[in-house]
Amino acid sequence: MTSNPAPPPREPQRTAESARELIELLEVLWERGRDMVSSTPVSASQLRVLYSLDREEGISLRTLGELLGSAPPSVSRMCDRLEALGFVQRLPSPVSRRQLELHLTAHGKAYLRDLRAQREEALLAVIADMSPTSRKALLRGLTGFHDAVGGGGAAASSRARTPLKDVSSA
């Protein structure tokens, strides 16, 4: 088994700084996409709820709170707001009369679909301006990052893993 040689001492720091700068630029693009989709204000936390429900349709408030690492009262308030906006609906669980399931409404699904399309369009515009060599390097780098976060390397197994679908479905 071969391993990657140890990077020069400053290389990880420079890479982290570049990644942070890229994330900050993506946040600006993401906000533009969100502004173009709807005049309905959805906070970043509420958007995480929508993403979670998109992946885990029909989960309970308790499970959603565990996924988000949030206390049940705050999760319940976020769902109240999203329900008032018409993005989320609570339905009785077929398994337990005491539990409610959380579901995205057609309006919530449409919001996410439009948001993702706007964000992808913004990314495509930037990526189209890159040289083919730069696009290939970006793809290689993102694939390596994806593998490291999602369990593809030794570094990932030495720490708690973040579910990769959180990254890719956003």
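Helices (H or I, at least four residues) and strands (E, at least two) are taken as DSSP runs and numbered from the N terminus. On that basis leucine 91 belongs to strand β1, which covers residues 88-92. The model is predicted, so local features need pLDDT of at least 70 and side-chain atom pairs count only at pLDDT 80 or more, while totals for chains, interfaces and linings use all residues. Residues are numbered from 1 along each chain as its sequence is written, and side-chain values use heavy atoms, with hydrogens and water left out.

**Leucine 91**
- Leucine 91 has a relative accessible area of 31% and is therefore partly exposed, a class lying between buried (under 20%) and exposed (over 50%), with a 1.4 Å probe and protein chains only.
- Leaving aside residues up to four places away in sequence, leucine 91 touches Gln99, Leu100, Glu101 and His103, where contact means heavy atoms within 4.5 Å.

**Helices α3 and α4**
- Helix α3 (residues 61-68) packs against helix α4 (residues 72-84) at an angle of about 105°, with their axes 9 Å apart; axes are lines fitted to C-alpha atoms over the stretch in contact, and angles run from 0 to 180 degrees between N-to-C directions.
- The two helices α3 and α4 are therefore roughly perpendicular, the term for angles of 65 to 115 degrees.
- Leu61, Leu64, Gly65 and Leu68 of α3 meet Val75, Ser76, Met78 and Cys79 of α4 in this contact.

**Whole protein**
- The protein has 8 helices and 2 strands, in the sequence order α-α-α-α-β-β-α-α-α-α.
- Of the 170 residues in the protein, 22% are buried.

Methods:
Angles under 35 degrees count as roughly parallel, over 145 as roughly antiparallel, 65 to 115 as roughly perpendicular and the rest as oblique.
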